[in-house]
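Please read it beside the sequence and the coordinates.

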Amino acid sequence: MIDKKTIKKIAELSRLEVSDVDAEEYSVQLSKALQFFEHISKVDTHQIEPMITPVEIESFWREDIVNQEYTAEEMIKNAPESLGHLFKVPPVV
Amino acid sequence: MEISNLSIKETQKILLEKKISAYELTQYYLDRIEKLDPQINSYITVNEKALEEAKAIDQKISKGATIESFSLLGIPMGIKDMLCTKGIKTTAGSKMLENFIPPYDSTVVSRLKNQGAILLGKLNQDEFAMGSSSETSYYGPVKNPWNLDCVAGGSSGGSAAAVAAELAQFTIGTDTGGSIRQPAHFCGVVGVKPTYGRVSRYGIVAYASSLDQAGPLAKNVEDAALILETIAGHDSMDSTTSQRKKEPWSENLNANIKGLRVGLVKEYRTDQLYPDVEKVYAESIETLKKLGAEIKEISLPLTEFGIPVYYLIASSEASSNLARYDGVRYGHRAEFKNLSAVELEKFYGQTRGEGFGKEVQRRIMLGTYCLSSGYFDAYYNKASQVRRLISNQYQEAFKSCDVLLSPVTTSPAFKLGERISDPLTMYLNDIFTITVNLAGLPGMSVPFGISKGGLPIGVQLVTAPFEEQKMLNVAYALEMNSNTKGARPNVS
């Protein structure tokens, strides 16, 4: 059971601000979903290697060439707030 | 002449014969979009430079460009809003990316442009491709051109609806658990999800990286094969792309399927199907038998665990992938009067709480929970182990058959609003399509009938990794022998 308190904790870990009303709703929905998902515990997976990607990743060679693909202006253009070529953020120290 | 009923090859023929210019063709689609799309809502953004691009193509044609060197010369297309387009807003159907203008093209888009395709605009979808009905879009739901009270499917609902309503000659979608095949089935078009690693994911907004794959939605199998040829192939910008040579799938299309072994999955219970879907599915089996295919029953005993495994893995990957939306470098940022007085936790929390819709928040939280200390082994790790077993079962199945045939979903398109309030029921829609992504297999849906209520119904074909040709051939044979071939919705 994912109670409202657990939802609040997960939301905090997820960096999501969730209202009390929404937390209530998520608690019901996620509990129901997880209860259904827990069926997988029935499958015997003893000594089975987890599959993290469906294909083998093949290494390849490429020339080691320096490329300037983007300018600082292009990179900063989508920033919600910037100063020159810098991203503007709240104080972090 | 009804331009929009033509295949890509037929359209190129009249372009090269100068019976129509790329400019006129593009204008024709733009006019249709302006007139018809307000009721369908398949486009989020129309490309203001489409006509300019068309002019450049006309110049190429007048200088003697051929379809041998430009396989999609002059063909107007729509692209799902998950794929980055240089200088054109790419929202992923989210408020989070409402104002995001990528400085680069995704590999898929640049390959299409390099082959002469013209971008009409960006297509509506479920937010971050999370959904099966295109109702979770921040930009409003997509309506089904066959019946405006019904959903177009999802997450690539706009991509399917635009092809069905002839608002683009073809479109590109993405498929993480059925997001190309299911809307193609709901809208009566062909939709192909290639083998994982066939098509580069570079520049595609990431949802679940080990499952996502882009592919074409088209009016017919030949067009779909041609588009696939254009977008497939190794890309140094995506290390998960395969270095295998792509094949000339469209040239190799062959409707002679005599002796081909077609598998039916025992665990896909037909008593759960809507009667019309069951009927069309049964007809497709009969048709393949008549064409000389050998029908076999095969078993995928772990089918029932497909949905839990998928949602646990996809949500876990999503919670990690969507951590990048922090309101700093791009995307939505909550408004703060005095930025220097804001605590970082509050800054992130409010920004992400406002920017993401509810389905996205649910999946981020589900994934965060599955990956959190104490739950990782029981959820993410366990799901990844079951995923391996599901993949092994498919490998086993493909020892005794070439292609699997199944319905795409249990029903035709459902009514708008009918399932959106209950996420779990919505998740259960995806039972036939979802394990294909878990195993990284190629799969496609091809229209094969129409319900009594006038909604299209498709069937799904799945093959072993990198065996796209077999699947396309069977689809080609079914298409040729369909009673409803070429049926289009009446949109006006």
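Helices (H or I, at least four residues) and strands (E, at least two) are DSSP runs, numbered from the N terminus. With that naming, S94(B) sits in the loop between β2 (76-80) and α4 of chain B. The model is a predicted one, in which local features need pLDDT of at least 70 and side-chain atom pairs count only at pLDDT 80 or more, while totals for chains, interfaces and linings use all residues. Residues are numbered from 1 along each chain as its sequence is written, chains are lettered from A and ligands numbered from 1 in the order in which they are written, and side-chain values use heavy atoms, with hydrogens and water left out.

**Nonpolar cores**

A nonpolar core is a set of buried Ala, Val, Leu, Ile, Met, Phe, Trp, Tyr and Cys residues joined through side-chain atoms within 4.5 Å, where buried means under 20% relative accessible area, exposed over 50%, and partly exposed in between (1.4 Å probe, protein chains only). The largest such core has 126 residues, and the members that touch the most others are L112(B), F128(B), F170(B), I172(B), Y394(B), L405(B) and L461(B). Helix α13 (residues 377-400) of chain B supplies the largest share of this core, with 9 residues. Another core, of 48 residues, lies apart from it and includes L30(B), Y43(B), L73(B) and I180(B).

**Two helix pairs**

Two packed helices are described by the angle between their axes and the distance between the axes. Here the axes are lines fitted to C-alpha atoms, for helices over the stretch in contact, and angles run from 0 to 180 degrees between N-to-C directions. Angles under 35 degrees count as roughly parallel, over 145 as roughly antiparallel, 65 to 115 as roughly perpendicular and the rest as oblique.

Within chain B, the axes of helix α4 (residues 107-114) and helix α7 (residues 221-231) come within 8 Å and cross at roughly 110°, so α4(B) and α7(B) are roughly perpendicular to each other. Contact means heavy atoms within 4.5 Å, and on this basis V108(B), R111(B) and L112(B) of α4(B) meet I227(B), T230(B) and I231(B) of α7(B). The residues of this contact comprise 4 nonpolar, 1 polar and 1 charged, where Ala, Val, Leu, Ile, Met, Phe, Trp, Tyr, Cys and Pro count as nonpolar, Asp, Glu, Lys and Arg as charged, and the others, Gly among them, as polar. The buried residues of α4(B) are T107(B), V108(B), V109(B), R111(B) and L112(B), and they pack against β2, β6, β8 (213-218) and α7 of chain B. After α4(B) comes G116(B), whose phi is positive, near 95°.

The other pair joins the two chains: helix α2 (residues 20-37) of chain A and helix α10 (residues 306-321) of chain B pack at about 125°, with their axes 9 Å apart, and α2(A) and α10(B) are therefore oblique to each other. In this contact L34(A), F36(A) and F37(A) of α2(A) meet I307(B), P308(B), Y311(B) and L312(B) of α10(B).

**An enclosed helix and its flanks**

Helix α5 (residues 157-164) of chain B is largely enclosed by the rest of the structure, because 8 of its 8 residues are buried. After α5(B) comes E166(B), in the loop between α5 and β6 (170-175) of chain B.

**Loop residues**

Which residues other than glycine have a positive phi near 60°? Q47(A) is one of them, and E166(B) is another. Q47(A) lies in the loop between α2 and α3 (72-76) of chain A.

| Residue | Relative accessible area | Class |
|---|---|---|
| S94(B) | 0% | buried |
| Q47(A) | 73% | exposed |
| E166(B) | 8% | buried |
| D212(B) | 8% | buried |

Leaving aside neighbours within four places in sequence, S94(B) is in contact with E127(B), F128(B), Y138(B), Y139(B) and G355(B). D212(B), in the loop between β7 (190-193) and β8 of chain B, touches D175(B), T176(B), Y196(B), R201(B), A206(B) and Y207(B), again not counting residues up to four places away in sequence. D212(B) and T240(B), 28 residues apart in sequence, are 11 Å apart in space, C-alpha to C-alpha.
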